[in-house]
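User: Before I rely on any label in this entry, I would like each one set against its definition.

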Amino acid sequence: LTMPAPPKLTDEQRRAALEKAAEARRVRAELKALIKMGSLSISEVLEKSDSNEIISRTKVLAVLESMPKIGKVKARRIMKEIGIAESRRLRGLGDQQRAALVSEFS
């Protein structure tokens, strides 16, 4: 199997794409820092994800791992108990999954 060649971008388009990616990383890093400090609850994160495209694309696992006292193992266990796939992003959560996450951390 050969991989398709990446799309041919003009320098301008490439620069814009790199800026957009850098911005997304910055927003997610900021989000995780706020969660780590305990300034953002899981329900606030979910609320933000409804109106913010970048946050909505953040992986649920990354959010949980950022929570105080929750490591990689505990985050995965919680997701498994609730029935959330490890690759799931915030915008892909169903209402019941969202409710289960909120009650797990409140």
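This is a predicted model: local features need pLDDT of at least 70, side-chain atom pairs count only at pLDDT 80 or more; totals for chains, interfaces and linings use all residues.

Analyst: Residues are numbered from 1 along each chain as its sequence is written, and side-chain values use heavy atoms, with hydrogens and water left out.

User: What makes up the secondary structure of the chain?

Analyst: The chain has six helices and zero strands, where helices (H or I, at least four residues) and strands (E, at least two) are DSSP runs numbered from the N terminus. The order of elements is accordingly α-α-α-α-α-α, and the C-alpha atoms fill a box of roughly 50 × 35 × 25 Å along the principal axes.

User: Why does R98 count as buried?

Analyst: Buried means under 20% relative accessible area, exposed means over 50%, and partly exposed lies in between, with a 1.4 Å probe and protein chains only. R98 has 19% relative accessibility and therefore counts as buried. In the chain, buried residues make up 28% of the 106 residues.

User: Where is R98 placed, and with which residues is R98 in contact?

Analyst: R98 belongs to helix α6, residues 95-104. With contact taken as heavy atoms within 4.5 Å, and with neighbours within four places in sequence left aside, R98 is in contact with L46, E47, S49, D50 and L93. The C-alpha atoms of R98 and I82, which are 16 residues apart along the chain, are separated by 9.5 Å.

User: Why are the buried residues of α6 said to line one face of the helix?

Analyst: The residues concerned are Q97, R98 and L101. Seen down the axis of α6, these buried residues fall within an arc of 100 degrees, so they line one face of the helix; the arc is that of the directions from the helix axis to the C-beta atoms. The buried residues of α6 pack against α2, α4 and α5, whereas the face turned away from the buried side carries the exposed residues D95 and Q96.

User: How do you know that the buried residues of α5 are on the same side?

Analyst: In α5, A75, I78 and M79 are buried. They cover an arc of only 95 degrees around the axis, which puts them on the same side of α5. An α-helix has 3.6 residues a turn, so residues three or four places apart point the same way. The buried residues of α5 pack against α4 and α6, and the face turned away from the buried side carries the exposed residues V73, K80 and E81. Just after α5, G83 takes a positive phi of about 90 degrees.

User: What makes a set of residues a nonpolar core, and which members of the largest one touch the most others?

Analyst: A nonpolar core is a set of buried Ala, Val, Leu, Ile, Met, Phe, Trp, Tyr and Cys residues joined through side-chain atoms within 4.5 Å. The largest such core has 23 residues, of which L64 and L90 touch the most other members. At least two residues of this core come from each of α1 (11-36), α2 (42-51), α3 (53-56), α4 (60-66) and α5 (72-82). Leaving aside neighbours within four places in sequence, L90 is in contact with residues including V45, L46, I55 and V63.
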